Amino acid sequence: MQKINSIHFGLPWILISLIVGIVIPIIIKLFTGIFMWPFTIVGGLGLISFAITFIKEMKKDNGNVKHCKNNFSINVPYNIEKQIPVLKYSICTGERIAGFKDRETGHITEVLVIRSDEDLINFKKQYGIDSLKDEY
């Protein structure tokens, strides 16, 4: 079963549910004097279905929603003379990506998203690396 990626679609899903469940009934009440409960129920069901989907996705992979797999089958070439092994950190999210930095251009070739210490150990083993330089 393919994930629907509730993180990406979360905001539109919540906004539509709130518009259907709150905004439309209030506008109808202003013009007609009748509060339309069916719209509120539909909006509430939309919010509940989003919450259930989000919780199910978070429970998969022990709370880590993985939208991409770490794939070692793609062997990125590593030239020890021209490249430096690096561990690139995202300042915003703290995500770690292992890769190789070109000594001349400074370009980093991203190889693997590091989600656990085991991923880092496997990366080092695959490429025969003892340590990685930290990049921010």
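**Contacts, burial and pairing in a predicted model**

Q: Which residues is Glu135 in contact with, leaving aside its neighbours within four places in sequence?
A: Glu135 is in contact with Val86, Leu87, Lys88, Tyr89, Lys101 and Ile108, where contact means heavy atoms within 4.5 Å. The model is predicted: local features need pLDDT of at least 70 and side-chain atom pairs count only at pLDDT 80 or more, while totals for chains, interfaces and linings use all residues. Residues are numbered from 1 along each chain as its sequence is written, and side-chain values use heavy atoms, with hydrogens and water left out.

Q: What class does Ile27 fall into, and why?
A: At 40% relative accessibility, Ile27 counts as partly exposed. Ile27 is found in helix 1 (residues 6-32).

Q: What makes strand 2 largely enclosed by the rest of the structure?
A: Six of its seven residues are buried, so strand 2 is largely enclosed.

Q: How do you know that strand 1 and strand 2 pair?
A: Two strands pair if DSSP finds at least two bridges between them. Seven bridges join strand 1 (residues 83-89) to strand 2, and the two run antiparallel.

Q: How many bridges join strand 2 to strand 3?
A: Six bridges join these antiparallel strands. Gly99 stands opposite Glu110 in strand 3. Between the strands of this hairpin are five residues, and Gly106 takes a positive phi near 80°.

Q: Which residues make up the largest nonpolar core?
A: A nonpolar core is a set of buried Ala, Val, Leu, Ile, Met, Phe, Trp, Tyr and Cys residues joined through side-chain atoms within 4.5 Å. The largest one has 12 residues: Val76, Leu87, Ala98, Phe100, Val111, Leu112, Ile114, Leu120, Phe123, Tyr127, Ile129 and Leu132. At least two come from each of strand 2 (96-102), strand 3 (108-114) and helix 3 (117-127).

Q: Which residues does Leu120 contact, leaving aside its neighbours within four places in sequence?
A: Leu120 is in contact with Leu87, Arg96, Ile114 and Leu132.

Methods. Buried means under 20% relative accessible area, exposed over 50%, partly exposed in between (1.4 Å probe, protein chains only). Helices (H or I, at least four residues) and strands (E, at least two) are DSSP runs, numbered from the N terminus.
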